[in-house]
Amino acid sequence: MIEPISALADERLDAYLRLTELQLRNKLEPEKGIFIAESEKVIERALAGGYEPVSMLIPDHKLAGLDALIERACKASAAGDIPVFVAPAEQIQTITGYELTRGVLCAMRRPQLPSVENLLAGARRVAVLEDITNHTNVGAIFRSAAALGVDAVLVTPACCDPLYRRAARVSMGTVFQVPWTRIGNEAGDWPAAGMARLRALGFQTAALALKDDSVSLDDAGLNSEERLALIFGTEGDGLCDQTIAQCDYTVKIPMAHGVDSLNVAAASAVTFWQLRLRD
């Protein structure tokens with residue numbers, strides 16, 4: 001249902017214009033918070049992934065040509081319809097501070113995340129993101145995971161939210177395609193407890209880190225592992241020493257010209273390609 005908005009003070013627009021990500025996650029019941037998806041492709045992939053829309057916000061000059069997406073979003077709602085707010089682009093930019101170059105926003109309900117054990121049933125290649133706080137890197141890692149056959153992604157308690165608007169947009173919506181969950185909710189749940197869960201599920205663990213005892217990414221033993229969890233750390237600090245000490249492998253990517261490391265998003269893509277399953 002199209003609803004023109006004349007004043008952006010309208011409280012129905014709070015989810016888009018005034019609430020922080022933390023407030024969005026707790027706007028409804030804590031287990032049923034909302035997130036904002038931006039751009040047609042991202043919204044389409046979220047809908048395809050079974051995510052339920054709550055409402056949409058579209059600058060008035062972008063409305064034409066979005067009929068099919070609006071119809072699909074309305075049908076995906078439990079009520080069979082959602083409000084579609086339309087406002088002048090200049091007013092939206094005044095409040096948000098930036099132009100909605102992707103043209104459309106959609107508030108969607110957060111699903112309940114699966115347990116680690118359920119998520120990894122049958123998985124053979126898993127990425128673990130330890131405390132990565134850069135949303136662009138998280139989104140890029142998800143995109144590589146989707147493209148290169150990673151079965152699932154686990155994020156540690158201090159890792160940023162994969163459903164954050166920028167992360168989802170950079171991922172091109174693949175955060176809705178690659179199964180993921182958090183490996184614990186409190187700081188004490190990682191690394192010791194989380195690593196124990198991975199071992200109990202039959203995974204060998206590989207820390208991507210530059211250490212004297214690091215093996216090359218093309219190591220035969222590493223590449224032959226049946227179930228492997230690949231653990232990536234944040235920019236700068238990398239993985240914590242406790243995590244590295246508990247891993248079965250410490251792994252480095254062979255490099256030339258004196259370069260010692262890659263951005264974590266680039267490193268993940270190289271790693272996923274080399275360790276992909278080939279059967």
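T181 is buried, at 2% relative accessibility (buried means under 20% relative accessible area, exposed over 50%, partly exposed in between, with a 1.4 Å probe and protein chains only). The structure is a predicted model, in which local features need pLDDT of at least 70, side-chain atom pairs count only at pLDDT 80 or more, and totals for chains, interfaces and linings use all residues. Residues are numbered from 1 along each chain as its sequence is written, and side-chain values use heavy atoms, with hydrogens and water left out.

T181 is found in strand 8 (helices, H or I of at least four residues, and strands, E of at least two, are DSSP runs numbered from the N terminus). The side chain of T181 reaches the backbone oxygen of P114 at 2.6 Å. This is a polar contact, a pair of N or O atoms within 3.5 Å; within protein, one must be able to donate a hydrogen and the other to accept it, and residues adjacent in sequence count only if both atoms are side-chain atoms. Neighbours within four places in sequence aside, T181 is in contact with L113, P114, S115, V116, L119, V153, L154 and V155 (contact means heavy atoms within 4.5 Å). L154 stands opposite T181.

Two strands pair if DSSP finds at least two bridges between them. Strands of a sheet pair through backbone hydrogen bonds, either parallel or antiparallel. Strand 7 (residues 152–155) pairs with strand 8 over 3 bridges, in the parallel sense.

Strand 6 (125–129) pairs in the parallel sense with strand 7 over 4 bridges. A127 has V153 in strand 7 as its bridge partner. Strand 6 also pairs in the parallel sense with strand 11, over 5 bridges. Here V128 has I231 as its bridge partner.

Helix 12 (residues 264–274) has V264, A265, A267, S268, T271 and F272 buried. These residues cover an arc of only 155 degrees around the axis, which puts them on the same side of helix 12 (the arc is that of the directions from the helix axis to the C-beta atoms). An α-helix has 3.6 residues a turn, so residues three or four places apart point the same way. The cover over the buried residues of helix 12 includes strand 6, helix 7 (135–147), strand 9 (204–208) and strand 11 (228–232). At the start of helix 12, a side-chain oxygen of N263 comes to within 2.7 Å of the backbone nitrogen of A265.

Aromatic rings were also examined. Rings of Phe, Tyr and Trp (its six-membered ring) pair if their centres lie within 6.5 Å; planes under 30 degrees apart count as stacked, over 60 as edge-to-face and the rest as tilted. By this rule the count is 5 aromatic pairs. The rings of F232 and F272 have centres 5.6 Å apart and planes at 85 degrees, so this pair is edge-to-face. F232 lies in strand 11 and F272 in helix 12, so the pair ties together parts that are 40 residues apart in sequence. Both F232 and F272 are buried. Ring pairs also link F35, Y51 and F176 into a cluster. R276 lies over the face of W273, at 3.5 Å from the ring centre. A charge sits over a ring if NZ of Lys or CZ of Arg is within 6 Å of the ring centre and within 35 degrees of the ring normal.

Backbone geometry follows. Most residues other than glycine have a negative phi, and most peptide bonds are trans. The peptide bond from W190 to P191 is cis, with omega near 10 degrees. P191 is found in the loop between strand 8 (180–182) and helix 9 (192–200). D131 has a positive phi, near 55 degrees. D131 is in the loop between strand 6 and helix 7, and is partly exposed at 31% relative accessibility. M172 has a positive phi of about 60 degrees. M172 is placed in the loop between helix 8 (165–170) and strand 8. The relative accessible area of M172 is 28%, which counts as partly exposed.
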